[in-house]
Amino acid sequence: MKLCDLPAHTVAYLVRRREISALDTLEAALERIAAVDGRPGRLGNDQNYPDDAEKVHAFITLTPERARAQAEAIDKKISQGEDPGPLAGVPFTVKDIFCTHGTRSTAGSRILGNFVAPYTATTVSRLEAGGGLMIGKVNLDEFTYGSSNESSAFHPTPRNPWNLARVPGGSSGGSAAAVAAGEGNLSLGTDTAGSIRQPAAFCGVVGMKPTYGRVSRYGLIAFGSSLDCPGPVAANVTDTALMLNSIAGPDVHDGTAAKLEVPDYTKDLKKDIRGLRIGLSPDYFRITYFDPLTGEFEQQLISPEIESAVLSAAGYLAQMGADIVEDIPMPHTRYGIPVYFVISRVEAASNLHRYDGVKYGFRTPDRVADLPEMYRRSRAEGFGTQPKLRILMGMYVSAAQYSEQYYERALKVRTLIRNDFEQVFNSQGEHRLDALLTPTTPTTAFSMGDIYGDSVLMQYADQLTVPANLAGIPGISLPAGFAKDGLPIGVQLLGPDFSEARLLQIGRAFELASEGEDWRKQRPAILNTV
Amino acid sequence: MPEKEQEQPITPQLFDHLVNLASLELSREEAEYLRRELNNQLKSIDELEAIPLGTETEITTHGVPYTPQITPEARDDRWQACPNPEEILAQAPEVRDGYVVVPDIPHTDLD
């Protein structure tokens, strides 16, 4: 097994024991990238080459010099007997929605295509302070607006390492694809409606959306400020816990970062789960979506293969001593998407007004008569279709005459969605759940081009993940087998506020229980080429 | 103008008004696509109207309640020098003598 395919915690252990050097791990990751990634995403790369379909294209920007300087510093620390940190020598990637000093920070958009951040996001600083090596910035849907990565202005867009004709999911698709292909052991993603968990499920890796406020948003280019959560993407639960240890915690630069101590998330991973109550809800085994063709709401059961993967995961957890509680009512789940359509658009529109071609980012090169024309031209040329859609919708539903009908109503239904969770997690209540076990996605990864452009249908891919963002609670997606099409299936655990340690503990128990399964040994197709 | 367009919540006229407010310019194809998507999304949002909401239902602005125990204190409101103003200015499309340059700002009379 190559160094880049080892778990992050093993890499850090070996580096700390001087069995390998940080430079060795860096070189292994760069070698893997050279073998599988192909050309990085660039603006204006609209022409497709046949070779593009054979590569992953996770990256927008590689930062080998930054990583090399960091690796040399780690190796020096170790040789001097100093503590190099818990992530010593672990290569990681960063979704290009985080500012990193001195590198381009593009949000996958032309409007920030030339933006070089003058400061570094707290999460990235903490990963580097922990000994991690930032090897590059990975692709995403433009401003995170999408579930496939196809809306990025930087082409070629990422492909799914298990099947290169499929999307990696989104919006943290570059993150999930990179981890699955061994291009860096860890990746920092963000989750506003499922943007960590859905691509993690599609790419067969672990992705965690922490509780809102558990991880600082400082340096994260904002989308939905009441929903955005930075979080880990990793190959396994232990690595996820290790990464969360580094990035979680209060931050003087973010007034919404909760003032709560950070436990050692790796501590309880071996604790048994006997007696924990894990719920299954029928409301998470179907999706309700609006069909623009018929104008009707349609209800569809999730794919039977995904349902059986969830039930099989429940079986493993029961074997480990958990109590599985069925028929948990989560009646407001179906409203998650329409509520999200309103709230996220209002927040997005507000956040996108700052891009005007004045102080940073793209300004139209054309001659313009005056400032308003410069604004219009710069925004028209700089934003892709998805940001424009969100700006227009956000302005409409928050306009004075419609705000009560749409925005305020959505905020009230958000309360009902939150109440569903509070009731089932209430330790004095009827259900007293420690966690809810659900599918992460209604389907496996869709084909490239399949539903891109239909923003309504694409959004419904998030129906099972978005309630956690609206409620603020944590969630984790875990690999749980494969469908007949050979694509990974993810299952999701949701828990009460700040219950990350418990979710990781249950996740680890599931990994241990299913350790001997054949599907655990499968590797992404792209790795057969290296 | 086909009657159907005028029956949709976002008519072409309202759409143009929104585009203007948003400081955008759109090609005809882009405008058609975006207006169709907006009207489709609104139909989906309309589902919310069917949910009975009592007057006692409060709004939720953040999922997690910010109790005093977890809310950080505001930091001191103290001036700090920016460590790298030149890097920030270097991001501006046009700068002269330390000032950001923009095209002419037309005179407008407020209503």
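In this predicted model, the contact between the two chains draws on 63 residues from chain A and 47 residues from chain B. On the side of chain B that touches chain A, the elements giving two or more residues are helix 2 (12-21), helix 3 (28-45) and helix 4 (85-89) of chain B, and of these helix 3 of chain B gives the most, with nine residues. Sorted by class, that side of chain B has 26 nonpolar, twelve polar and nine charged residues.

Chain B as a whole has four helices and two strands, and from the N terminus on these elements follow the order α-α-α-α-β-β. The radius of gyration of chain B is 24 Å, whereas the globule rule gives 13 Å for 111 residues, so chain B is more spread out than a compact globule. Taken along the principal axes, the box filled by the C-alpha atoms of chain B is roughly 60 × 50 × 30 Å, and buried residues make up 18% of the 111 residues in chain B.

Turning to chain A, one may begin with a pair of helices. Two packed helices are described by the angle between their axes and the distance between the axes. Helix 2 (residues 22-36) of chain A and helix 3 (residues 64-79) of chain A pack with their axes 8 Å apart and at an angle of about 155 degrees; since angles over 145 degrees count as roughly antiparallel, these two helices of chain A are therefore roughly antiparallel to each other. Where they meet, helix 2 of chain A contributes Ala22(A), Leu23(A), Leu26(A) and Leu30(A), while helix 3 of chain A contributes Pro64(A), Ala67(A), Arg68(A), Ala71(A), Glu72(A), Ile74(A) and Asp75(A). By class, this contact has eight nonpolar and three charged residues, and no polar ones.

With strand 3 (residues 91-95) of chain A it pairs in the parallel sense over three bridges, and here Phe92(A) stands opposite Leu186(A). With strand 8 (residues 229-234) of chain A it runs antiparallel, joined by six bridges, and in this pairing Gly231(A) is the bridge partner of Gly189(A).

Methods. Residues are numbered from 1 along each chain as its sequence is written. Chains are lettered from A and ligands numbered from 1 in the order in which they are written. This is a predicted model: local features need pLDDT of at least 70, side-chain atom pairs count only at pLDDT 80 or more; totals for chains, interfaces and linings use all residues. Axes are lines fitted to C-alpha atoms, for helices over the stretch in contact, and angles run from 0 to 180 degrees between N-to-C directions. Angles under 35 degrees count as roughly parallel, over 145 as roughly antiparallel, 65 to 115 as roughly perpendicular and the rest as oblique. Two residues are in contact if their C-beta atoms, placed from the backbone, lie within 7 Å. Ala, Val, Leu, Ile, Met, Phe, Trp, Tyr, Cys and Pro count as nonpolar, Asp, Glu, Lys and Arg as charged, and the others, Gly among them, as polar. Two strands pair if DSSP finds at least two bridges between them. The radius of gyration is taken over C-alpha atoms; the globule rule is 2.2 Å times the number of residues to the power 0.38. A residue is buried if 20 or more other C-beta atoms lie within 10 Å of its own, exposed if 12 or fewer, and partly exposed in between; C-beta atoms are placed from the backbone.
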